[in-house]
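Dear colleague,

Please find below the structure that I am handing over to you. A short account of the findings follows it.

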Amino acid sequence: TNYTVTGVDAQGCIDTETVTVVLNALPTVSVSTSNAIICTGETSTLTATGANTYLWNTTSIGSAIVVNPTTNTVYTVTGTDANLCSNTSSVSITVNLIPVFSLGADTSICEDKQLSLSQPFNGATVLWNDNSNADTLLVNQLGSYWCSVTQSGCSYTDTIQVSIDSLANAKFGYTISNSDITLIDSSTFATSYKWYFGDGDS
């Protein structure tokens, strides 16, 4: 746009001056993200385009930054073009929690017992090492058992080692020498003992 001004001095002399004002359009700044939804501990790369220089609300500069928010966060970038005109753009990053859980410490069970393993998240996708999908798994065999839980796209796996303790087998023999009877323990897998003699004594 041209703007003209005419000036007249005290002697009636006239002069004019014209100036041209160029109105530059604002840059069209946009932001893309490698991952708009991430799990706790993960990162996302934000990339801005449409300008010459960029300043983020994290105080970082440059067209691309890597972020690792711990909660849902909005990132805003201000882009400036060659004419020093600026515009902004924003992007939201959603952070989903990893469903952390524990199957418990490694343990042992008696061979006639079973152990119930479970995960605590309602509505989660569950996968056990035997390809079952229930919230609970009953265990009665020696081995390593794992459970993988996925919720809101985030997964966690825990493992437990289960060993089997053999049942104690109580057994004894005896010897007789004159009037003395000697009882001889031949039990297996026993760690403690208690004798019963049928007379109320033990």
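Is cysteine 85 buried or exposed? Please bear in mind throughout that the model is predicted. Cysteine 85 has a relative accessible area of 17%. Buried means under 20%, so cysteine 85 counts as buried. For cysteine 110 the relative accessible area is 36%. That value lies between the 20% limit for buried and the 50% limit for exposed, and cysteine 110 is therefore partly exposed.

Two further cysteines are joined to each other. A search of the whole structure finds one disulfide, and this bond is formed by cysteine 39 and cysteine 154, with their sulfur atoms 2.1 Å apart. Cysteine 39 belongs to strand 4 (residues 37-39), while cysteine 154 belongs to strand 15 (residues 154-165), so the bond ties together parts that are 115 residues apart in sequence. About the S-S bond of cysteine 39 and cysteine 154 the torsion is about -105 degrees, which means that the disulfide is left-handed. Both cysteine 39 and cysteine 154 are buried.

The other finding concerns a hairpin. Strand 16 (residues 172-177) pairs with strand 17 (residues 180-185) in the antiparallel sense, over six bridges. Across this pairing, isoleucine 176 stands opposite isoleucine 181, which is in strand 17. Two residues lie between the strands of the hairpin, and asparagine 178 takes a positive phi near 60 degrees there.

With kind regards

Notes. Residues numbered from 1 in each chain as written. Predicted model: local features only at pLDDT ≥ 70, side-chain atom pairs only at ≥ 80, totals over all residues. Heavy atoms only, no water. Disulfide = S-S within 2.5 Å. Helix = DSSP H or I, 4+ residues; strand = E, 2+ residues; numbered from the N terminus. Buried < 20%, exposed > 50% of the residue type's maximum accessible area, 1.4 Å probe, protein only. Pairing = 2+ DSSP bridges.
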